[in-house]
Amino acid sequence: HDGGVVKQEQDNNNSKKEDTSQSPHKTKKEREVAIVLFAAELLDRNTVSDETYATTKEILDGQDSVLVEITSIIGYYAYVAYTLNVFKIASAVKPSE
């Protein structure tokens, strides 16, 4: 009796692994693309559309905390870039010739 239940659960788990289109978890590539599109729109428009926000949140498994973190990182990067540009602070890395 118990062996049948375990076998059925194993069969269900195997079929779930094979059919990833039903999975609520997105692939690493899908997550990366969503983050890049979110970042690009934020930097271009200084905000993101409701659609971009909702799509990115869905791909990130509904985690607002991840969107806060991504937005903070982008904002910090922009702050550092503006500071370096305004004060004409040269990069320590020499451009390759």
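Guide: What follows is a set of questions about the labels and the values behind them.

Visitor: What kind of model is this?

Guide: This is a predicted model. Every value here is computed from it.

Visitor: How many helices and strands does the protein chain have?

Guide: It has four helices and zero strands. Along the sequence the pattern reads α-α-α-α.

Visitor: What share of the protein chain counts as buried?

Guide: Of its 97 residues, 15% count as buried. The chain exposes about 8200 Å². Carbon and sulfur atoms supply 56% of that area.

Visitor: How much of the contact count comes from residues 24 or more positions apart?

Guide: Take the contacts with a separation of 6 or more. Residues 24 or more positions apart account for 49% of them.

Visitor: Which residues of α2 are buried?

Guide: They are Ala34, Phe38, Ala39, Glu41 and Leu42.

Visitor: Why are they placed on the same side of α2?

Guide: They cover an arc of only 165° around the axis, so they share one side of α2. Their packing partners are α3 (50–59) and α4 (64–86). On the other side of α2, Lys28, Lys29, Val36, Leu37, Leu43 and Asp44 are exposed.

Visitor: What comes just after α2?

Guide: Asparagine 46, with a positive phi of about 65°.

Visitor: Why is threonine 56 called buried?

Guide: Its relative accessibility is 3%. Buried means under 20%. Therefore threonine 56 counts as buried. The residue lies in helix α3.

Visitor: Which residues does threonine 56 touch?

Guide: Leaving out residues up to four places away in sequence, threonine 56 touches Ala34, Phe38 and Leu67. Ala34 and Phe38 are among the buried residues of α2. Leu67 is one of the buried residues of α4.

Visitor: What makes the span of α4 agree with expectation?

Guide: The 23 residues of α4 should span 33 Å at 1.5 Å a residue. Its end C-alpha atoms are 33 Å apart, so the two values agree.

Visitor: Which residues of α4 are buried, and what do they pack against?

Guide: Val66, Leu67, Ile70, Ile74 and Ala78 are buried. The buried residues of α4 pack against α2 and α3. After α4 comes lysine 88, with a positive phi near 50°.

Visitor: How many salt bridges does a search of the whole structure find?

Guide: Three. One of them joins aspartate 61 and arginine 31.

Visitor: What makes the pair of aspartate 61 and arginine 31 a salt bridge?

Guide: Their closest N and O atoms are 3.9 Å apart. The cut-off is within 4 Å. The pair therefore meets the definition. It links distant parts of the chain, 30 residues apart. Aspartate 61 sits in the loop between α3 and α4, arginine 31 in helix α2.

Visitor: Is aspartate 61 called buried, partly exposed or exposed, and why?

Guide: Partly exposed, because its relative accessibility is 34%. The class runs between the buried limit, under 20%, and the exposed one, over 50%. Arginine 31, at 28%, is also partly exposed.

Visitor: What is the N to O distance between arginine 45 and glutamate 41?

Guide: The closest N and O atoms are 2.8 Å apart, and the pair forms a salt bridge. Both residues lie in helix α2, four residues apart, about one turn of the helix.

Visitor: Why is glutamate 41 called buried, and why is arginine 45 called partly exposed?

Guide: Glutamate 41 has 16% relative accessibility, so it counts as buried. Arginine 45 has 46%, so it counts as partly exposed.

Visitor: Where do aspartate 64 and lysine 57 meet?

Guide: Their side chains meet in a salt bridge, at 3.3 Å from N to O. Aspartate 64 is partly exposed at 34%. Lysine 57 is partly exposed at 25%.

Visitor: Which residues form the nonpolar patch on the surface?

Guide: Leu84, Val86, Phe87 and Ile89 form it, with about 410 Å² of accessible area together.

Note on methods: Residues are numbered from 1 along each chain as its sequence is written. This is a predicted model: local features need pLDDT of at least 70, side-chain atom pairs count only at pLDDT 80 or more; totals for chains, interfaces and linings use all residues. Side-chain values use heavy atoms; hydrogens and water are left out. Helices (H or I, at least four residues) and strands (E, at least two) are DSSP runs, numbered from the N terminus. Buried means under 20% relative accessible area, exposed over 50%, partly exposed in between (1.4 Å probe, protein chains only). Contact means heavy atoms within 4.5 Å. Accessible areas come from the Shrake-Rupley method with a 1.4 Å probe; for residues, only the protein chains shown count as cover. The arc is that of the directions from the helix axis to the C-beta atoms. Patches are made of residues with over 30% relative accessible area and no salt bridge: like charges are joined within 9 Å, nonpolar side chains (Val, Leu, Ile, Met, Phe, Trp, Tyr) within 5 Å. The expected span of a helix is 1.5 Å times one less than its number of residues.
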